[in-house]
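Hello,

I am passing on a structure that may be new to you. Please open it alongside this message, and then read on for what turned up.

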Amino acid sequence: MLDKTKVWVFFPAFNEAGVIAPLIKRTFDEGFENIVVVDDGSADGTSEVALNAGASILKLCVNRGVGAAFQTAFYYARKKDLDYMVILDSDG
């Protein structure tokens, strides 16, 4: 059986403040503890909403596109030597 504590869930997000909190809550409810939102230069408070919902944040200063958000997640995973990572769409 998969140890969910070793799975890191990444959500690339751009201006998703209105939908990100329930998505983070559902992910926690499924037993995943390591949730990271890669905020791709949002201007609507996405980072703050995600942080208040319990996620960790990687924030890009300007919008660079989903590819850059993926690269940021991959870089983080390599640097932290994570066992498993999952990338999910952040708009629910």
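Below are notes on charged pairs, aromatic rings and a surface patch.

First, some housekeeping. This is a predicted model, in which local features need pLDDT of at least 70 and side-chain atom pairs count only at pLDDT 80 or more, while totals for chains, interfaces and linings use all residues. Residues are numbered from 1 along each chain as its sequence is written, and side-chain values use heavy atoms, with hydrogens and water left out.

**Salt bridges**

Side chains of opposite charge can pair when their charged atoms come close. Here a salt bridge means a side-chain nitrogen of Lys or Arg within 4 Å of a carboxyl oxygen of Asp or Glu. By this rule there are 3 salt bridges.

One of them joins Lys-6 to Asp-83, at 4.0 Å from N to O. Lys-6 sits in the segment before β1 (7-13) and Asp-83 in the loop between α3 (66-80) and β4 (84-87), so this pair links parts that are 77 residues apart in sequence. (Helices, H or I with at least four residues, and strands, E with at least two, are DSSP runs numbered from the N terminus.) Lys-6 is partly exposed at 39% relative accessibility; buried stands for under 20% relative accessible area, exposed for over 50%, and partly exposed for in between, with a 1.4 Å probe and protein chains only.

Another salt bridge connects Asp-39 and Lys-59, whose closest N and O atoms are 3.2 Å apart. Asp-39 belongs to strand β2 (residues 34-40) and Lys-59 to strand β3 (residues 56-60), so the pair ties together parts 20 residues apart in sequence. Asp-39 is buried, at 1% relative accessibility, whereas Lys-59 is partly exposed, at 47%.

Asp-29 and Lys-25 also form a salt bridge, with 2.7 Å between the closest N and O atoms. Both lie in helix α1 (residues 20-29), 4 residues apart, which is about one turn of the helix. Asp-29 counts as exposed, with 54% relative accessibility.

**Aromatic rings**

What describes a pair of aromatic rings? The distance of the centres and the angle of the planes do. Rings of Phe, Tyr and Trp (its six-membered ring) pair if their centres lie within 6.5 Å; planes under 30 degrees apart are called stacked, over 60 edge-to-face, and the rest tilted. The structure has 3 aromatic pairs. In one of them, the ring centres of Trp-8 and Tyr-76 are 6.0 Å apart and the planes stand at 55 degrees, so the pair is tilted. Trp-8 is in strand β1 and Tyr-76 in helix α3, so parts 68 residues apart in sequence are tied together. Tyr-76 is buried, at 19% relative accessible area. Trp-8, Phe-10 and Tyr-76 make up one aromatic cluster.

Phe-70 and Phe-74 both lie in helix α3, 4 residues apart, about one turn of the helix. Phe-70 is partly exposed at 32% relative accessibility, and Phe-74 is partly exposed at 37%. Together with Val-66 they form a nonpolar patch on the surface, with about 260 Å² of accessible area. Patches consist of residues with over 30% relative accessible area and no salt bridge, like charges being joined within 9 Å and nonpolar side chains (Val, Leu, Ile, Met, Phe, Trp, Tyr) within 5 Å; the areas come from the Shrake-Rupley method with a 1.4 Å probe, and for residues only the protein chains shown count as cover.

Best wishes
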